[in-house]
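Please read it beside the model.

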Amino acid sequence: KAIVNTSTKRVGEHTFSVIQGTNKTMLLFIIFFLLFVIAFFDIYWVIRLWFSLFLSKILPRIGLREKCVTYNMCWTTDIDFFFHMNNARYFREMDFGRFDWFFQTGCLDYIRRQTGMIVVQHGATIRYRRSIKLFTPFKLLTHLVYWDEKAMYFEQKFVSLKDEQVYALAIIRSSVIGGSVTEMMRMLGSLDPPTIPENVETWQKSQQLSSIGKLMAEKMNNLITNFS
(Lines give C-alpha, C1' and ligand atoms only; values in the text may rest on other atoms or scores of the structure.)
Protein backbone atom coordinates (compact mmCIF):
# COMPACT_ATOMS: atom_id res chain seq x y z
CA LYS A 1 0.00 0.00 0.00
CA ALA A 2 2.88 2.36 0.83
CA ILE A 3 4.49 1.60 -2.56
CA VAL A 4 1.23 2.39 -4.39
CA ASN A 5 0.82 5.66 -2.51
CA THR A 6 4.41 6.65 -3.31
CA SER A 7 3.93 5.88 -7.02
CA THR A 8 0.69 7.83 -7.11
CA LYS A 9 2.40 10.78 -5.43
CA ARG A 10 5.25 10.70 -7.97
CA VAL A 11 2.79 10.56 -10.88
CA GLY A 12 0.89 13.50 -9.41
CA GLU A 13 4.09 15.52 -8.96
CA HIS A 14 5.16 14.74 -12.53
CA THR A 15 1.76 15.75 -13.88
CA PHE A 16 1.88 18.99 -11.89
CA SER A 17 5.38 19.73 -13.22
CA VAL A 18 4.20 19.14 -16.81
CA ILE A 19 1.18 21.43 -16.31
CA GLN A 20 3.37 24.07 -14.69
CA GLY A 21 5.85 23.89 -17.55
CA THR A 22 3.05 24.14 -20.09
CA ASN A 23 1.65 27.21 -18.31
CA LYS A 24 5.05 28.89 -18.37
CA THR A 25 5.43 28.15 -22.07
CA MET A 26 1.95 29.53 -22.76
CA LEU A 27 2.69 32.67 -20.71
CA LEU A 28 5.93 33.26 -22.60
CA PHE A 29 4.11 32.77 -25.90
CA ILE A 30 1.43 35.30 -24.90
CA ILE A 31 4.06 37.82 -23.81
CA PHE A 32 5.99 37.35 -27.07
CA PHE A 33 2.80 37.68 -29.12
CA LEU A 34 1.79 40.90 -27.32
CA LEU A 35 5.26 42.39 -27.76
CA PHE A 36 5.18 41.44 -31.46
CA VAL A 37 1.79 43.09 -31.97
CA ILE A 38 2.82 46.23 -30.07
CA ALA A 39 6.07 46.48 -32.06
CA PHE A 40 4.51 46.11 -35.51
CA PHE A 41 0.97 47.49 -35.11
CA ASP A 42 -0.45 50.70 -33.64
CA ILE A 43 -3.06 49.04 -31.43
CA TYR A 44 -4.52 52.27 -30.08
CA TRP A 45 -5.01 53.60 -33.61
CA VAL A 46 -6.79 50.44 -34.76
CA ILE A 47 -9.03 50.17 -31.68
CA ARG A 48 -10.01 53.83 -31.76
CA LEU A 49 -10.70 53.78 -35.50
CA TRP A 50 -13.03 50.78 -35.22
CA PHE A 51 -14.66 52.23 -32.11
CA SER A 52 -15.36 55.47 -33.99
CA LEU A 53 -16.82 53.49 -36.87
CA PHE A 54 -19.02 51.56 -34.43
CA LEU A 55 -20.26 54.77 -32.79
CA SER A 56 -21.11 56.25 -36.18
CA LYS A 57 -23.61 53.42 -36.67
CA ILE A 58 -25.37 54.38 -33.44
CA LEU A 59 -25.17 58.17 -33.44
CA PRO A 60 -27.39 60.23 -35.76
CA ARG A 61 -25.90 61.38 -39.05
CA ILE A 62 -24.63 64.94 -39.38
CA GLY A 63 -24.91 67.20 -42.41
CA LEU A 64 -21.99 67.90 -44.71
CA ARG A 65 -21.80 71.50 -43.48
CA GLU A 66 -22.21 70.66 -39.80
CA LYS A 67 -19.31 70.56 -37.38
CA CYS A 68 -18.17 67.16 -36.21
CA VAL A 69 -17.11 67.18 -32.54
CA THR A 70 -14.72 64.67 -30.96
CA TYR A 71 -13.47 64.68 -27.37
CA ASN A 72 -10.16 63.60 -25.92
CA MET A 73 -7.54 64.27 -23.26
CA CYS A 74 -3.81 64.89 -23.42
CA TRP A 75 -2.44 61.61 -22.13
CA THR A 76 1.03 60.46 -21.04
CA THR A 77 1.75 59.10 -24.53
CA ASP A 78 0.96 62.50 -26.10
CA ILE A 79 3.40 64.75 -24.28
CA ASP A 80 6.91 65.97 -25.02
CA PHE A 81 9.75 66.98 -22.71
CA PHE A 82 7.78 70.00 -21.46
CA PHE A 83 4.71 67.95 -20.48
CA HIS A 84 2.36 69.35 -23.10
CA MET A 85 1.01 67.76 -26.26
CA ASN A 86 3.71 67.29 -28.88
CA ASN A 87 3.25 68.58 -32.42
CA ALA A 88 2.75 65.19 -34.05
CA ARG A 89 -0.20 64.36 -31.79
CA TYR A 90 -2.17 67.32 -33.09
CA PHE A 91 -2.04 65.92 -36.62
CA ARG A 92 -2.87 62.43 -35.40
CA GLU A 93 -5.88 63.77 -33.51
CA MET A 94 -7.02 65.71 -36.59
CA ASP A 95 -6.87 62.49 -38.61
CA PHE A 96 -9.37 60.94 -36.19
CA GLY A 97 -11.52 64.08 -36.40
CA ARG A 98 -11.74 63.76 -40.16
CA PHE A 99 -12.36 60.01 -39.90
CA ASP A 100 -15.33 60.75 -37.65
CA TRP A 101 -16.57 63.34 -40.12
CA PHE A 102 -16.38 60.85 -43.01
CA PHE A 103 -18.13 58.21 -40.89
CA GLN A 104 -20.95 60.43 -39.60
CA THR A 105 -21.75 62.27 -42.84
CA GLY A 106 -22.04 59.12 -44.93
CA CYS A 107 -19.09 60.01 -47.17
CA LEU A 108 -17.34 56.78 -46.25
CA ASP A 109 -20.32 54.73 -47.44
CA TYR A 110 -20.23 56.55 -50.78
CA ILE A 111 -16.45 56.07 -51.16
CA ARG A 112 -16.77 52.35 -50.40
CA ARG A 113 -19.24 51.95 -53.25
CA GLN A 114 -16.82 53.46 -55.76
CA THR A 115 -14.07 51.45 -57.42
CA GLY A 116 -10.58 52.77 -56.71
CA MET A 117 -11.69 55.94 -54.92
CA ILE A 118 -9.53 57.02 -51.99
CA VAL A 119 -8.88 60.19 -49.98
CA VAL A 120 -5.38 61.45 -49.15
CA GLN A 121 -4.16 64.43 -47.18
CA HIS A 122 -2.66 66.87 -49.66
CA GLY A 123 -1.70 69.78 -47.45
CA ALA A 124 -1.94 71.04 -43.89
CA THR A 125 -1.12 74.21 -41.98
CA ILE A 126 -1.57 74.60 -38.24
CA ARG A 127 -1.27 77.58 -35.91
CA TYR A 128 -0.64 76.89 -32.22
CA ARG A 129 -2.13 79.41 -29.80
CA ARG A 130 -2.00 77.74 -26.41
CA SER A 131 -0.40 74.56 -25.09
CA ILE A 132 -2.53 71.54 -24.24
CA LYS A 133 -1.02 70.36 -20.98
CA LEU A 134 -0.94 66.85 -19.54
CA PHE A 135 -4.36 65.47 -18.52
CA THR A 136 -6.16 68.46 -20.07
CA PRO A 137 -9.46 67.52 -21.74
CA PHE A 138 -10.34 69.18 -25.04
CA LYS A 139 -12.66 68.94 -28.01
CA LEU A 140 -11.82 68.98 -31.69
CA LEU A 141 -14.19 70.67 -34.13
CA THR A 142 -13.95 69.46 -37.73
CA HIS A 143 -15.75 71.61 -40.29
CA LEU A 144 -15.87 71.28 -44.08
CA VAL A 145 -15.58 74.88 -45.27
CA TYR A 146 -15.11 74.45 -49.04
CA TRP A 147 -14.68 71.90 -51.81
CA ASP A 148 -13.91 71.76 -55.51
CA GLU A 149 -13.77 68.97 -58.07
CA LYS A 150 -10.74 67.25 -56.58
CA ALA A 151 -10.40 68.32 -52.95
CA MET A 152 -12.15 69.10 -49.69
CA TYR A 153 -10.95 71.87 -47.37
CA PHE A 154 -11.41 71.43 -43.64
CA GLU A 155 -11.01 73.80 -40.73
CA GLN A 156 -10.12 71.99 -37.51
CA LYS A 157 -10.01 73.62 -34.07
CA PHE A 158 -8.74 72.35 -30.74
CA VAL A 159 -10.93 73.99 -28.12
CA SER A 160 -10.80 74.06 -24.33
CA LEU A 161 -13.74 72.43 -22.53
CA LYS A 162 -13.27 74.84 -19.65
CA ASP A 163 -13.38 78.29 -21.26
CA GLU A 164 -13.87 77.64 -25.03
CA GLN A 165 -10.47 79.14 -25.80
CA VAL A 166 -8.85 77.88 -29.00
CA TYR A 167 -5.65 75.87 -28.48
CA ALA A 168 -4.82 75.42 -32.16
CA LEU A 169 -6.36 76.07 -35.57
CA ALA A 170 -5.58 74.15 -38.75
CA ILE A 171 -6.51 74.16 -42.43
CA ILE A 172 -6.44 70.79 -44.14
CA ARG A 173 -6.77 69.87 -47.80
CA SER A 174 -7.95 66.31 -48.44
CA SER A 175 -7.70 65.30 -52.09
CA VAL A 176 -9.74 62.60 -53.78
CA ILE A 177 -8.08 60.12 -56.13
CA GLY A 178 -10.17 58.03 -58.49
CA GLY A 179 -13.36 60.03 -58.04
CA SER A 180 -15.09 63.40 -58.02
CA VAL A 181 -15.73 65.46 -54.90
CA THR A 182 -18.51 67.46 -56.51
CA GLU A 183 -20.26 64.27 -57.62
CA MET A 184 -19.97 62.81 -54.12
CA MET A 185 -21.42 65.96 -52.59
CA ARG A 186 -24.23 66.00 -55.14
CA MET A 187 -25.13 62.40 -54.34
CA LEU A 188 -25.16 63.26 -50.63
CA GLY A 189 -27.52 66.18 -51.16
CA SER A 190 -25.26 69.24 -51.43
CA LEU A 191 -25.18 70.70 -54.93
CA ASP A 192 -23.02 73.81 -54.62
CA PRO A 193 -19.97 74.45 -52.45
CA PRO A 194 -20.04 77.36 -50.00
CA THR A 195 -18.11 80.54 -50.71
CA ILE A 196 -14.46 79.89 -50.08
CA PRO A 197 -13.28 81.62 -46.87
CA GLU A 198 -10.66 84.32 -47.40
CA ASN A 199 -8.04 82.60 -45.23
CA VAL A 200 -8.53 79.31 -47.07
CA GLU A 201 -8.26 81.04 -50.46
CA THR A 202 -5.04 82.76 -49.40
CA TRP A 203 -3.64 79.49 -48.07
CA GLN A 204 -4.63 77.72 -51.30
CA LYS A 205 -2.74 80.31 -53.36
CA SER A 206 0.33 79.99 -51.13
CA GLN A 207 0.30 76.23 -51.68
CA GLN A 208 0.11 76.73 -55.45
CA LEU A 209 2.96 79.26 -55.40
CA SER A 210 5.07 76.87 -53.37
CA SER A 211 4.48 74.08 -55.89
CA ILE A 212 5.22 76.38 -58.85
CA GLY A 213 8.42 77.60 -57.19
CA LYS A 214 9.60 74.05 -56.60
CA LEU A 215 8.88 73.08 -60.22
CA MET A 216 10.74 76.12 -61.53
CA ALA A 217 13.73 75.32 -59.33
CA GLU A 218 13.79 71.75 -60.61
CA LYS A 219 13.65 72.96 -64.23
CA MET A 220 16.51 75.37 -63.63
CA ASN A 221 18.60 72.64 -62.06
CA ASN A 222 17.93 70.38 -65.04
CA LEU A 223 18.95 73.15 -67.48
CA ILE A 224 22.16 73.82 -65.56
CA THR A 225 22.93 70.10 -65.50
CA ASN A 226 22.33 69.77 -69.25
CA PHE A 227 24.57 72.72 -70.13
CA SER A 228 27.37 71.74 -67.77
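**Terms and model**

Buried means under 20% relative accessible area, exposed means over 50%, and partly exposed lies in between (1.4 Å probe, protein chains only). This is a predicted model: local features need pLDDT of at least 70, side-chain atom pairs count only at pLDDT 80 or more, and totals for chains, interfaces and linings use all residues. Residues are numbered from 1 along each chain as its sequence is written, and side-chain values use heavy atoms, without hydrogens and water.

**Surface patch**

Met26 is partly exposed, at 46% relative accessible area. Met26 sits in helix α1. Met26 also belongs to a nonpolar surface patch of about 1,300 Å², as do Phe29, Ile30 and Phe41, among others. Patch residues have over 30% relative accessible area and no salt bridge; nonpolar side chains (Val, Leu, Ile, Met, Phe, Trp, Tyr) are joined within 5 Å. A salt bridge puts a side-chain nitrogen of Lys or Arg within 4 Å of a carboxyl oxygen of Asp or Glu.

Both α1 (2–40) and α2 (43–58) supply at least two patch residues. The largest share, nine residues, comes from α1. Helices are DSSP runs (H or I, at least four residues), as are strands (E, at least two), numbered from the N terminus.

**Nonpolar cores**

A nonpolar core joins buried Ala, Val, Leu, Ile, Met, Phe, Trp, Tyr and Cys residues through side-chain atoms within 4.5 Å. The largest has 30 residues; Trp101, Ile132, Met152, Phe158, Met184 and Met185 touch the most other members. Its largest share, five residues, comes from β5.

Beyond four places away in sequence, Met185 touches Leu64, Trp101, Leu144, Trp147, Met152 and Ser190 (heavy atoms within 4.5 Å). Another core, of eight residues, lies apart and includes Val145 and Trp203.

Terms used:
Patches are made of residues with over 30% relative accessible area and no salt bridge: like charges are joined within 9 Å, nonpolar side chains (Val, Leu, Ile, Met, Phe, Trp, Tyr) within 5 Å. Accessible areas come from the Shrake-Rupley method with a 1.4 Å probe; for residues, only the protein chains shown count as cover.
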